[in-house]
Amino acid sequence: MTIRYVFLLLGFSSIFFSSCAQKSTSSIPSTIKKDKEMIQKEGLETATLGAGCFWCVEAVFQELKGVHSVVSGYTGGDIDFPNYKQITTGLTGHAEVAQLKFDPKIISFEEILEVFWSTHDPTTLNRQGYDVGTQYRSAIFYETEKQKVIAEKSKKEVATELWNDPIVTEITALGDFYKAEDYHQNYYTNNPNQGYCRAVINPKMEKFRKRFKDKLKTEEDYNIEEQKKNEKIYKTDAEWKAQLDEMQYYVLREQGTERAFTGKYWDNKKEGTYNCAGCKLPLFSSKTKFKSGTGWPSFYEPLEAKNVESEKDTSYGMVRSEVHCARCGGHLGHVFDDGPKPTGLRYCINSVSLDFEEEKP
Ligand SMILES: [Zn+2]
């Protein structure tokens with residue numbers, strides 16, 4: 001395996017066995033429905049690529065200009081709704097993959113594949129460095145016949161030019177894709193201080209950035225992405241019902257209130273961010289949480305004023321302001337003017353409306 005771009009690989013995968021396999025979860029991942037309408041409207045295409053541990057594949061492709069989103073997940077296996085624990089056995093047949101939505105007007109499928117060939121080793125069967133197993137196989141899951149033709153051509157031409165040994169990359173039609181558990185998403189971005197991220201992936205990412213510097217997102221691209229994240233979300237009642245559990249639906253969509261001292265966050269003292277349980281918009285920080293004695297998580301200000309909206313509510317013979325998530329409109333709780341300094345406000349929020357993300361040390 002002598003190659004020209006070996007620098008990209010040293011250490012890129014050698015640490016993944018321990019890092020990627022250390023956690024397991026029994027949570028049920030959700031399938032990603034292809035949002036055909038959005039893709040048609042925005043003219044986006046999908047690319048689904050397996051190149052070893054998906055943390056790294058995701059990190060690389062997130063930085064490419066024209067790539068709108070990257071989701072880590074599983075595909076190519078035999079069971080429905082696999083979880084991480086199951087796929088790490090290598091027995092389900094699933095590959096760890098990153099699924100990209102990209103704008104072919106900005107970056108072509110050919111260009112994406114060039115990055116793909118250059119940032120993993122496509123010559124080792126069912127293995128990337130010390131990561132061994134079918135789940136780490138090199139694979140392109142094509143969505144259209146056109147992608148299949150491009151993938152085969154690229155494998156024959158681009159890949160064989162970069163690598164001396166025969167390319168073992170599988171090229172297969174995309175079947176069911178399952179989104180991986182939440183903690184796998186944005187792994188590199190969310191865990192920059194983790195030892196291996198700092199020591200190993202960082203320098204390797206730098207090399208990738210150098211080689212593909214003309215293809216990277218600019219600050220402006222990131223700003224636009226940020227704006228999009230904050231755009232409003234509209235869903236039908238049926239869609240919300242399918243997404244939320246009964247209590248979440250009652251509070252978020254029917255303006256309900258959970259009973260005091262029953263929620264999971266009123267006494268939560270951990271450091272981190274409280275996101276909207278309906279749409280994951282970051283709403284409150286543990287830094288502004290205070291002990292109110294009410295039995296509901298209480299904050300003296302939101303993370304960003306624009307992320308919450310409030311309106312006057314006069315039910316129950318009280319004057320109070322109802323607080324909603326600015327993106328999905330989900331009902332969060334109320335705001336009162338009897339809070340502590342510096343704002344004097346008390347955002348009294350239902351735990352069930354929140355999704356806490358603990359800050360990683
Ligand atoms: Zn929301």
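Does Tyr-274 count as buried or exposed, and at what relative accessibility? Tyr-274 counts as buried, at 0% relative accessibility, where buried means under 20% relative accessible area, exposed over 50% and partly exposed in between, for a 1.4 Å probe and protein chains only. The model is predicted: local features need pLDDT of at least 70 and side-chain atom pairs count only at pLDDT 80 or more, whereas totals for chains, interfaces and linings use all residues. Residues are numbered from 1 along each chain as its sequence is written, and side-chain values use heavy atoms, with hydrogens and water left out.

The secondary structure comprises 11 helices and 17 strands, taken as DSSP runs numbered from the N terminus (helices H or I, at least four residues; strands E, at least two). Of the 361 residues in the protein, 48% are buried. Among contacts (heavy atoms within 4.5 Å) with a separation of 6 or more, 70% are between residues 24 or more positions apart.

Strand E3 (residues 95–102) is mostly covered, with eight of its eight residues buried. In a regular strand the side chains alternate between the two faces of the sheet. In E3, Ala-95, Val-97, Gln-99 and Lys-101 point one way, and Glu-96, Ala-98, Leu-100 and Phe-102 point the other way. Strands are taken to pair if DSSP finds at least two bridges between them. Strand E1 (residues 45–51) runs antiparallel to E3 and is joined to E3 by five bridges, with Glu-45 opposite Phe-102. Strand E2 (residues 67–75) is also antiparallel to E3, over eight bridges, and here Ser-69 stands opposite Lys-101.

Helix H3 is likewise mostly covered, nine of its nine residues being buried; these include Trp-55, Glu-58 and Phe-61. A nonpolar core is defined as a set of buried Ala, Val, Leu, Ile, Met, Phe, Trp, Tyr and Cys residues joined through side-chain atoms within 4.5 Å. The largest such core has 35 residues, of which Phe-61, Leu-113 and Ile-140 touch the most other members. At least two residues of this core come from each of E1, H3, E2, E3, helix H5 (109–118), strand E6 (138–142), helix H6 (145–162) and helix H8 (195–211). H5 gives the largest share, six residues. Not counting residues up to four places away in sequence, Phe-61 touches Leu-49, Val-67, Val-70, Leu-100, Ile-112, Val-115 and Phe-116. Another core, of 23 residues, lies apart from the largest one and has Trp-240, Leu-252, Cys-276 and Phe-284 among its members.

The structure holds 14 aromatic pairs. Rings of Phe, Tyr and Trp (its six-membered ring) pair if their centres lie within 6.5 Å; planes under 30 degrees apart count as stacked, over 60 as edge-to-face and the rest as tilted. Phe-54 and Tyr-84 form a stacked pair, 6.3 Å centre to centre and with 25° between the planes. Phe-54 lies in H3 (residues 54–62) and Tyr-84 in helix H4 (residues 84–87), so this pair ties together parts that are 30 residues apart in sequence. Both Phe-54 and Tyr-84 are buried. The ring centres of Tyr-274 and Phe-356 are 4.6 Å apart and the planes are at 45°, so this pair is tilted. Tyr-274 is in strand E9 (residues 272–276) and Phe-356 in strand E17 (residues 354–358), so that distant parts of the chain, 82 residues apart, are linked. Phe-356 counts as buried at 15% relative accessibility. Ring pairs link Tyr-265, Tyr-274, Phe-284, Phe-299, Tyr-347 and Phe-356 into a cluster.

In helix H11 (residues 246–254), the buried residues include Gln-248, Tyr-249, Val-251 and Leu-252. Helix H10 (237–243) and strand E15 (331–336) are among the elements that cover the buried residues of H11. Asp-245 caps the N-terminal end of H11, with a side-chain oxygen 3.1 Å from the backbone nitrogen of Met-247. Just after H11, Gln-255 has a positive phi of about 60°.

Tyr-249 has a relative accessible area of 9%. Leaving aside neighbours within four places in sequence, Tyr-249 is in contact with Asp-237, Trp-240, Lys-241, Leu-244 and Glu-254. Tyr-249 and His-331 are 82 residues apart in sequence and 9.5 Å apart in space, C-alpha to C-alpha. The charged end of Lys-235 sits over the ring of Trp-240, 4.9 Å from its centre; for this, NZ of Lys or CZ of Arg must be within 6 Å of the ring centre and within 35 degrees of the ring normal.

Terms used
A polar contact is a pair of N or O atoms within 3.5 Å; within protein, one must be able to donate a hydrogen and the other to accept it, and residues adjacent in sequence count only if both atoms are side-chain atoms.
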